[in-house]
Amino acid sequence: MNTGLDGVVAAVTNLSQVDGEAGRLIVRGHDIEELAARFDFADTAALLWDGLAPGSVEGHLDGTAIRQALGLARLRAADRLPLLLPAAKGLSPIEGLRAGLAMLGDDDCDHLLLCAAVPVFTAALWRQTLGQPAVSPDPGLGQAADFLTMLTGRPADQMAARALETYLVTVADHGLNASTFTARVVSSTRAGMVSAVVAALCALKGPLHGGAPGPVLDMLDEIGNPAGIEPWLDRQFAAGERLMGFGHRVYRTRDPRADVLKGVVAGLRGGPNRIALAERVERAVLARLAERYPSRRLDTNVEFYTALALEAAGLPRQLFTLAFAMGRVLGWTAHIFEQEQTGRIIRPASRYTGPVPRGRTLAAVAG
Ligand code: CMC
């Protein structure tokens with residue numbers, strides 16, 4: 001039985017297409033490499049929401065208007081902090097973000113507020129763990145620059161802001177990944193956009209999905225230097241552990257986003273040093289995986305270089321999954337709009353293998 005639903009088509013979308021054999025990702029007509037090079041977060045939002053978000057008509061949603069609306073939405077999100085911060089004391093950042101998004105109302109929250117709330121809440125939650133007060137958003141800045149400013153309390157380094165913006169665009173949408181599927185399932189019940197996004201965040205949090213990049217950095221730190229690679233891998237395989245940042249359900253070749261993000265790291269301070277060890281680790285892991293699973297091609301996925309890119313942009317590793325959410329919330333909201341248009345509840349079937357009441361056959365209870 002196909003327990004992982006491999007290859008099952010569960011939605012029709014015009015948002016993005018993952019070609020696992022060719023290692024290609026297309027987002028609304030753009031290859032991911034081109035999107036990452038040319039689009040910022042607001043342009044990507046305009047692209048993904050076009051024809052779907054209320055008030056937009058195909059071809060008429062533009063990045064400038066969205067950039068301004070997102071800036072104002074970050075101010076609206078900051079108004080929620082006095083309620084969120086005391087409630088989130090003692091929670092991890094991802095649990096705090098989950099609580100913060102859950103505090104938004106399905107009836108009075110829109111896609112802009114949701115996309116603005118992720119960076120505003122993340123920065124304030126992190127500062128609270130450091131015992132520092134929240135920094136107000138600057139609606140005139142781009143999404144990444146404002147997030148870094150709110151996070152550190154200092155004007156964002158331009159290179160770091162550009163790198164983070166590229167990261168957000170690179171991970172904005174990716175077919176029917178687990179969190180996006182979750183968002184569509186919840187949306188199909190007409191529970192509302194906030195409920196669907198909170199559910200998606202819960203799915204993203206897991207280490208097999210968006211929780212991988214923090215452990216990637218832990219792995220590089222534990223390995224330490226080239227001499228540490230093979231002994232570390234021996235220990236991991238002996239313990240039956242999965243190697244974070246490798247393998248993918250759809251890609252049978254290298255994840256194209258890995259190279260986009262590797263390019264981002266190369267341009268940042270300290271990046272080339274990290275890349276030198278990371279490349280050696282990557283080669284060693286791929287050789288081991290090929291030896292172990294000769295009939296299943298396992299390659300580098302987006303999370304391996306995500307870890308390096310986010311570290312080089314100045315984010316603490318505890319915030320890596322929240323940064324993923326900061327980008328992917330665009331895809332979630334776009335898919336929710338698209339799902340709402342279909343109007344049909346997603347309700348698959350299961351095959352019952354439990355006991356059957358005495359005197360009845362399985363076929364008689366199947367319905
Ligand atoms: N390290 C070690 N073994 C692995 C790995 C890995 N990273 N990935 C797959 N395998 C093994 C897997 O255990 C299975 O072995 P067995 O048949 O003995 O159980 C075999 O390879 C085939 O696995 P698969 O069917 O290709 O894997 P899947 O499609 O069920 O899972 C995955 C995909 C991404 C969950 C998995 O590769 C994994 O756990 N990777 C590590 C976590 C990670 O990097 N996650 C981020 C994914 S990319 C971003 C995103 O989409 O969120």
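Which space is taken by the ligand? In this predicted model, the ligand takes the space of the largest pocket, a pocket being an open set of points on a 1 Å grid over the protein atoms alone, with protein on both sides within 12 Å along at least five of seven lines. Residues are numbered from 1 along each chain as its sequence is written, and side-chain values use heavy atoms, with hydrogens and water left out. Local features need pLDDT of at least 70 and side-chain atom pairs count only at pLDDT 80 or more, whereas totals for chains, interfaces and linings use all residues.

The ligand is surrounded by 19 residues, the closest being H209, L243, G245, R249 and R296, where a surrounding residue has a heavy atom within 4 Å of the ligand. This shell comprises 10 nonpolar, 5 polar and 4 charged residues, with Gly counted as polar and Asp, Glu, Lys and Arg as charged.

| Residue | Distance to a ligand nitrogen atom |
|---|---|
| L208 | 3.1 Å |
| L243 | 2.7 Å |
| F246 | 2.8 Å |

Taken alone, the ligand exposes 940 Å², of which the protein buries 77%, as computed by the Shrake-Rupley method with a 1.4 Å probe.

Note on methods
Polar contact = N/O pair within 3.5 Å; in protein donor to acceptor, adjacent residues only side chain to side chain. 1 Å grid on protein atoms, 1.4 Å probe; cavity = no way out; pocket = protein on both sides within 12 Å on 5 of 7 lines; lining within 4 Å. Sits in = over half its atoms within 2 Å of the grid points.
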